[in-house]
Each structure stands twice: as structure tokens, then as C-alpha cells.
Amino acid sequence: MNFSLLVTIRSSCSTAIAKSGSKMDRKVMKSRRCTLERAEKFISSDYFTDVNLRGRLYGDKTSLSSIHHVAVTDRVSFKDAMRQMKSEGKPTNTGTAYGPIWATHWFKLTFDIPSDWIGKEVHLVWNSGCEAMVWSDIGEPLMGLNKSYDRKDYYIITRNYDGKQTCQTLYIEMACNGMFGAGSGLITPPDVNKTYTLSTAEIRVFNRKAYELLMDVETLYDMAKHLPETDQRSYQALYTVNQMINSIHVSDETTYDAARNIAKKFLTEKNGDSQHTIHAMGHCHIDSAWLWPYDETKRKCARSWASTLQLMEDYEDFTFVCSQAQQFDWVKTNYPGLYSRLKEQVKRGRFIPVGGTWVEMDGNLPSGEAFIRQFLYGQKFFKEEFGIQCKEFWLPDTFGYSAQLPQVMQAAGIQRFLTQKLSWSLINKFPHNTFHWQGIDGTSCLAHFPPADNYSAELQVQELLKTSTNQKDKGRVNHGIMLFGHGDGGGGPKEDMLERYERLKNCDGIPKVCMSNPSQFFEIIENESSANLCTWVGELYLELHQGTFTTQAMIKKMNRKLEFLLQHVELFQSVGCMQGVIDKYPSDVLDRLWKQLLLNQFHDVLPGSCTNQVVVDALALYEDIEITGNSLLQKAVEALVQPAKSFVVCNTNSWKRSEVVTLKTSTGEDQPGGGKRQKSSLKTARDNEGNTLAYVEVPSLGISPLTSPDEIPERVTIENTSDGHILLQNGIIAATIDMNGRVHSMKCIRSDREAVRTSAETNHYGNQFVMFDDIPLFWDAWDVMDYHLETRKPIVSSTSCVILDQCDLRCSIIVKLNISSTSCIEQIISLDMGCPYLKFSTKVDWNENHKFLKVEFPMNVRAVNATYEIQFGHLQRPTHRNTSWDSARYEVVGHKWADLSEYGWGVALLNDCKYGHSCHENVLSLSLLRSPKSPDPDADMGQHEFTYALFPHEGTFQDAGVIQGAYDLNKPLMSYHGNIDQPISFFEVDNPAVIIETVKKGESTNSMVLRIYEAFGGQAKANVKTSLPMNRFVRCNIMEEFNQADVVTIQDGCIQVSLKPFEFQSIMVYLD
Ligand SMILES: [Zn+2]
């Protein structure tokens, strides 16, 4: 650094020193390390605070005049808290501990600002070791506080005290939880003994000049430290900061300006035109529930957003992006004042709603229809509230991204996508930051991963440098996003971050930084770089957190079940409305139920990475959906049929089904009958519980009286074989099962082909239960590591195996197995008349610690890829470990089925509520239960029920009906009391590759919406027929917006559709 400059500047403030300095040679050989540490100590909050700059931030201070406290029950409104404060408030003071965890305490603070503080900036400093909100005396939320993790512990009462209002009042709402809930470690379960002590409550004079100087020193120190040693600029920063420290007398504020001038000269030396540009956006990733319940999230949003709005007053460039319509809705309901302030900033383009979804959902597990509803409800909310539709999908923090997402996004009017989670992959580094992402149907979107690998940056020098150096598409793009702000109750962006921005926005040596927004960033990429970008095809697989496909089995089971239940309600309610037998479609109730389901799909709830308290809340929401949904369904079916004691059967799949149905006997009497023509020929039997079974035919998406199909398949038989096994046969398949319930042979009878390849030596049989040790490195509920595969232990301890059903329609055995001294399995293996698969209805009493239960099927198939169902389609993954990328996919997600096929032959494994799969060589496994202990020590302990099925097939799985079989397993025929003159199909389609997934009422018009998709992975044409009086059909997007011209062709009363592989379409259908 230029020594003469130092002399010049210092001469302006201290002539005597300058004169003597000019005569002395004070240059020393400088050690980089010592000089850096000198600067570090000068702003340290741990060392030398009595003589360093940090120690000068606060000057005079005084205690509050009074603190009154009241403990309230639950999270109450300001009004209720004031009422209680008035009647029960008592004086308290610092040093008092408050609890228990999750409790709420309110405080009334009164203070007198001393008259000699006129002209000073005055702060309230509050540290209760937990989250808190400052409220004004008229009940406006002002700012969130939380001292831990270096977050904000002060509220600015005035920046320039005018001496007028000496006595003031503020309120504090204290929440007995920290940023990460109430555990003692990051992901440990809540600690019930924890309390929070009020250690600081006072008003202080803040020295803004010292603060600004401190930010200068910090910036230069960071540049000196983090720019490479080979970089001249690093040394320039080092010598500049050293020079500044030489010039500062911390106790003499008159020396501050000169030091700031030294910094200013350095910081305003500009970048070149070609420098990388960083688009900074304020951000506050708040998990809708995780280590805290939904109700606390509502307050976390309010605390963080109040702080953000406050900061917007002080920094006029500052922009903030915010996702999750659900969180906006919470704030709208609970904090109307805050919400209207927020709305003002939305109008100004500073508080920017992003993402377009109801919550930031899990990216793997929701169904295709649920994905669509996330966008439908999200976009609808943003449009109604703010008049905008999001143009980017925002999902920075979920555990892998389905290859169906690009198409769903596009159907919601979105072609841009932001995440960063793939930077967490343990094994392989994802090769791009900015690229085209192409889904299974060929739809592409523009994807960006902020290169700082972080969605809670602090605009620090090292993060800005990383954004440039870590950018993997250098040369193709010269722009990147940086999201800054503390999430999860950390209050969002902080003043420090915005001060750094001011200093670094155009400073030679650091990438250029601009305060930006997603549109601005993506438009630049689209215009300048799009043609040069690489394309990634297929799913974005996260090589971490694969345990989340299995953890918290009950949540996953309810999710699957209720996704279908709501679709069933929509089908029959909308048909009833169109037929005029139902007065009013229950839109409001269905909206509520869908939103509850979508909320539980949040990326720490459905994946199972939440605390027990969250699980309890989620299950309560599910219970409401189930009870209300079933009642709506029953009402709808009853409206569509005549009352009778006989039965009708409902089919919610879009193909005709002939299968065994169990008739309900809730009234104690079951009376098969009602169908006129086939009543006498109806094939019935009783199951082992005394229920009536009937082999019936029901048309596509329809209702039928008990009707027998024209052709009755062979009856089912069961027999003991000479070698002590049991043989089940139904003319389609024949299965040989041993006393442990293991499948020794499974044959397609027609071709006499064997589906299972057994090995006694390694205990490889069909339906072999296996246990693994399951101890991850850290993220307990989240992670299953590859080394668990080296701990395989087959379960072979059957306690009993007996025949249960033995009738023409169904044969079954029941097997009991001990897993360990604390856990056991009871399984019914059954075969139905006419059914192409063997069903395994399983109950597990599960009480384990860090064990993983799977079931294996070694298939007699040679295939290098296995196929797994995803949303509206399927994809393939390797069965080998050729490369590190293949090997890292040792646990993968699949929905209702997975299949292993060679030419002309294959075997599929269906399931009714599982998602975790693995396939190595010929062994296809289904992941059943885990037993992690953090953050929920009770995760998955207790009783479970689930069903899977083995489906061997000739030809391709598509032609063999595997996809339909998996739907049938998940959506059993439903029987209700009632009668209907003849079978009726509301909608049918003539091509098995085309599935009608959804039939619902239009959101805003008197119409119905059909969602159809191509399920086989090829181009398909189909005719869709309806028995309803409808004649006008228009294609629409998933928000049900349409172009009148996009009319669907009708011929011979059928809607003609043409679909690309895995394409889904939405069609709006109007009444005559
Ligand atoms: Zn998150």
C-alpha cells in the first residue's frame, strides 16, 4: 500500500503525529498471517473487545423501567395476550428462566430514554436464548429476535432520538424454542427439560459510525483472506486494512472518517466489463414444519417477514423472494396488518412471491395429480392475492427431483427452475449449475443451481468468490444467483448482509453483485446463454437422504391412500352434479382437504424427517381428510344409485374390471344381488372372516349392480405338495410357497415360465424378508448408507403357517414370522380368481433400533435395467454398479410398481403404500420399514399394515397390464348398499396406454375436467367416450385456463385424443 497516502490522510486529523511519522521509517517486513490475524482481532467479538472496534458498537446503556410477564396457554393473539397481561401480568426481571419448551410468554417492556441521548441511535437489546417477536404497543408485529447462531438480538427504537417521547412501551412474545426447535443437538428430539433464560433486556446507544467502519474492515479482511495468495488484489486488501487499523484510534471517533476514506478508495476501484455477475436476492427458507410444528411455522413466518419488511424501509434496493402460498395464507389469516404491509412491497416488486406451489413439497413421493394440485392451488393463490403468476418453480431444499416435474411445471405456465440440493450429493458432483432439464416426456425447462451451494448465504466475500469459481458452466454463462438470508426462524436477511452488498457490488477482484429478481436473472440467461447450455435428461437424483423413501411409513401410507380418496370423491361428486342428483359440488371442503394433503407433502413431513409432534399433527390432518372424504364419497354414490339392501360396486379406474370384491357387511347382513340378468350366475363365496366374496365385472369409471362377467375364469385351488410346500393356482399363475412364506416357484401357467430364481445357499427366495443394520453417518431419519447392504440377514424363523381361505374365489395361507425378540410379521399370501398376481397382505409389529426391513424377490430375469413407476409414467435405472453414478443409486424411488423384464418376459412387484426400492442384478427389493431415532425417537415403532404383490408376465409389462394391475391393487373395487338398473360407465377410453387419472369439477366454470395421460411411453391415439350429456370439449392447462380455439375433436360422440409418450392433457368438458 502507498505509505504516502497514509501520511496524507492522517495529517488531516493529527498533524503532530504526521510530522513525526514523516521523518521515521516505520515500514516493517509484513507477515501475511500476522497481518491477517491483526485485522481479525480488530473486529473480533471474542478477543480484545475492550480495545477493539467491535467493543465500540454500543455505548451507554440503561435498564428498562419495568418488565411485566404473563405466561399464556398456547399461541394466542396479541389481543388475548393483552387481556391476560392486564389481569395476570406480574413484574419480572432478567435472570429468570422460562419454559417448558413450546410454551409462550408475553412481556410488557417500559423504558425511559435518557434526555442526553438526543441525536443518538437507540436499540432495545433482548436475549432470551430463544425466538421472540417485538410488538408495538398497538399490536403491530415489528421484528423477530433470536440471539442464537449469531442472529438478530436488537430492535432499532430510533435512529435519531429527538427527545420527545421519553417513556415508551414495547411488547415481546417469547416462544420457548430455538431456530431448530427445542432439541439439544441439531436433529435430536426435543429436550423436555429445556428452559430459556432472559439474560439481556436493556436499551443501548448504538454507534453507527463504528458499525460502518467495522463493516469496511471486515470486507477488506475477508478479501485479503479469501482472494488467492497469487492475486495482487488480496495483498492490496491486506495492506489497506492494515493501514486503516494504523490510522484508527478506537476511542477517538474523529479518526473514523479518514479510515473509511482509505477503505472507500479501495472499494470503489471497479471491476472490468467481463466480470461475472451475481444476482443477489434476499431469501428466508422456512420449513413449513420440521423440528417444530406447523403452528410455530406461522409465527416463524411472521417474525422473519416483519424483520424483512423493516429492512426494506432502510435499504431501498433490497429485494426478497418468498415461496409457499401456504405460508402467505397463514400470515394473511393471523397477521392481517403485516400482510397488508407485505402486499404493498409485492406491488413494488420488492417482496417477490416465487415458486407457484402451495408448499415446497417433496420432489419424489407425491403423485402426478398431487404435483398438479401443488401448482394449481399455489398459482391460484398468487393470482387472487397479488395478480401474478409465478414464472419459476422454486424448490431449493428437497431430496431429489422427479423426471415428471418439467412437464408439470410447463403445464402450470412455468419454464424456469431453481434448486441447489444436488450439491449435497455424497458421491458424484453434478456437472452443471445452469442447464436445460428435460423430463420423461421430453419437456425441458431452464434450471439453475446457485453455485454457492447454499440458499442461506450472507453475501460474504468467500461466498461471492465461490459463486464464480464453483460455477460449472463457465464460458457458457456469466451470471449466477445468490440467495442470502437466514432461514427457519433466523429472521431472513440481516443488515450486515446489505452493508456487505453496498461495499462489494462493484469492487475489483470480486464478482459484480446486483440486487436482482428471478425474472431478471432468467431473462438474461434465456437471451444470452440458452443456446449454449447443456441438457440433463431424466431425474435429478440426490445421492443422499434415500431413507426418506421409507421413514415414517404411516405418513406415506396415508398419503397414497388419500391422494386416491380425494380423486374418488371428485369423480362421483362431479358426476352427481352433472347428472343433477347433487345440488352443490363441495368445492370449499375439497379445497380444504386437498390443501391439508398438500401441506403434509412438505419436504420434511412426507419424507419423514420431522419430529414426533409434526407426525401427530400430520396424522390428525389425514384423519380429517379420511373421515370427511369417505363421507362425501358415500353421499355421492348414494345420490347416484337407488337405496336398496343389495350392493352396487364402484370402479374408479378407467378400464373394465373383472375381479373378486369383498362385500361390506356393516349391517350384519350381506345380500348379494340386484343385477337382474346375472344374479343367478354370480359366483360368490365366503372368506375366512365370513364376508361375502363375489366375482364381478364393473365398467370403466362406473357403477354396477353385482354383475357376473360372461366368462368365469378357473377356480383357485390350494394344496399341500409332497415336499411340504403349499401350491396355489388359478389357471393364470401357480405359486409354490414354503413354511416361511417364501416363494420357491412362481409360474405363468400358459407358458410354463418360472419367475423366481432361488438359491438355498444364500437364502434367495421370493418374498424373503431381510434385515439390515441401518446406522447412517449423521442424518438419521434421512439417510441409508450404501454399507447397509453389507449387513444382510435373512429372516427364516416361521412360527406358524396354515391355510386360511380355501374357496373357489380365493385361497390363502397365513404365515407368522419372528423378526427378532421384539418384532414379528403376520402375512396373508392370497390368490384370487382371475387375478394375475399373488398378493402379500402384511402386518408387522416393529420395535427396532437402527434396523431396516426389506423384502426381496430374486427374479428369473436377465436385465441391465429395472423399470420404476413415477408420476404419470416410468423410468429405468441400472441393475449394475458399473460407474460411481450407477453405484450411488443403491436405493431409489418407485411408486405403485417396479418391473424387471427381459425380451418377452418379466416380473413386476406392485405395492399399495411403499416407495423405496432397490434392484441389484436380478434381485428386486421393496423397502418396508426403518427405525431411525432422530428427530423422532418413536419413528415407525408399532403396528403396520401394507400389501405388495408379485406379477409375472409374458411380453412387455405394458401389454401384460402391470400398470393397470398396480392401480387395481391400490384402488380396490368399492361396494355400497344400493341398486342401479344397469352397469354404467361415466367415461371410458379405448386404448390401454391412455389412462384417465382424474375427473373433477372445473375450478371456476360449470364444467368437468378430465386428466388423461399416456402411460406406456409411446405415442398414442385414443377415443374417450362419456355417458354424460356433454358435447363441448376444450383443452386447458392445469390452472384450467384455456384457449377457446383449442377445441378437442369429436367423432361419433367420442373425444379423440393424441398423446406423446408420457404426455398428460387436461380437457374441460361442458354440459349440453
Ligand atoms: Zn427445507
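The buried residues of helix 9 pack against helix 8 (294-314), strand 14 (320-322), helix 10 (336-347), strand 15 (351-353), helix 11 (368-386) and helix 17 (587-599). This is a predicted model, in which local features need pLDDT of at least 70, side-chain atom pairs count only at pLDDT 80 or more, and totals for chains, interfaces and linings use all residues. Residues are numbered from 1 along each chain as its sequence is written, and side-chain values use heavy atoms, with hydrogens and water left out. Helices (H or I, at least four residues) and strands (E, at least two) are DSSP runs, numbered from the N terminus. Here is a friendly tour by topic.

**Helix packing**

- Helix 9 spans residues 325-334, and its buried residues are Ala325, Gln326, Gln327, Phe328, Trp330 and Val331. Buried means under 20% relative accessible area, exposed over 50%, and partly exposed in between, with a 1.4 Å probe and protein chains only.
- In helix 13 (residues 461-469), the buried residues are Val461, Glu463, Leu464, Leu465, Thr467 and Ser468. Their cover includes helix 5, strand 13 (277-282), strand 20 (479-484), helix 14 and strand 21 (512-515).
- Ile525 sits in helix 15 (residues 518-528), and it counts as buried because its relative accessibility is 0%.
- Setting aside neighbours within four places in sequence, Ile525 is in contact (heavy atoms within 4.5 Å) with Thr434, Leu446, Val477, His479, Ser530 and Leu533.

**Salt bridges**

- Side chains of opposite charge can pair when their charged atoms come close. Searching the whole structure gives 64 salt bridges, each defined as a side-chain nitrogen of Lys or Arg within 4 Å of a carboxyl oxygen of Asp or Glu.
- Arg657 and Glu659 form one of these, at 3.0 Å from N to O, and both residues are buried.
- Lys747 bridges to Asp752, with the closest N and O atoms 3.4 Å apart. Lys747 is partly exposed, as its relative accessible area is 30%, whereas Asp752 counts as exposed at 52%.
- Glu902 and Arg753 also form a salt bridge, the closest N and O atoms being 4.0 Å apart. This pair links distant parts of the chain, with Glu902 in strand 43 (residues 897-902) and Arg753 in strand 32 (residues 753-754), 149 residues apart. Glu902 is partly exposed at a relative accessible area of 29%, and Arg753 is partly exposed at 32%.
- Salt bridges with shared partners join Arg75, Glu131, Glu173, Glu296, Arg299, Lys300 and Arg303 into one network.

- Six strands make an open sheet with the order 3-2-5-10-7-8 and antiparallel pairing. Two strands count as paired if DSSP finds at least two bridges between them.
- At the edges are strand 3 (90-91) and strand 8 (141-145), each pairing on one side only.
- Strand 5 (residues 104-112) and strand 10 (residues 167-175) pair in the antiparallel sense over nine bridges. Phe107 has Ile172 in strand 10 as its bridge partner.

**Pocket and cavities**

- On a 1 Å grid over the protein atoms alone, a cavity is a set of points where a 1.4 Å probe fits but cannot get out, while a pocket is an open set with protein on both sides within 12 Å along at least five of seven lines; lining residues have an atom within 4 Å of a point. Grid points are joined across faces, edges and corners, and a volume is the space filled by probe spheres set on the points.
- The second largest pocket has a volume of about 1100 Å³. Its lining has 40 residues, of which Ile43, Ser45, Arg54, Asp150 and Asp496 lie nearest the centre.
- Strand 6 (121-127), strand 12 (200-206), helix 5 (208-226) and helix 14 (495-504) each give two or more residues to the lining of this pocket, and helix 5 gives the most, with eight.
- By class, the lining of the second largest pocket divides into 13 nonpolar, 10 polar and 17 charged residues. Ala, Val, Leu, Ile, Met, Phe, Trp, Tyr, Cys and Pro count as nonpolar, Asp, Glu, Lys and Arg as charged, and the others, Gly among them, as polar.
- The structure holds 10 cavities of 30 Å³ or more, and the largest cavity has a volume of about 120 Å³.
- The largest cavity is lined by 16 residues, with Ser367, Gly368, His895, Lys896 and Glu997 nearest its centre. Helix 16 gives the most to this lining, with three residues.
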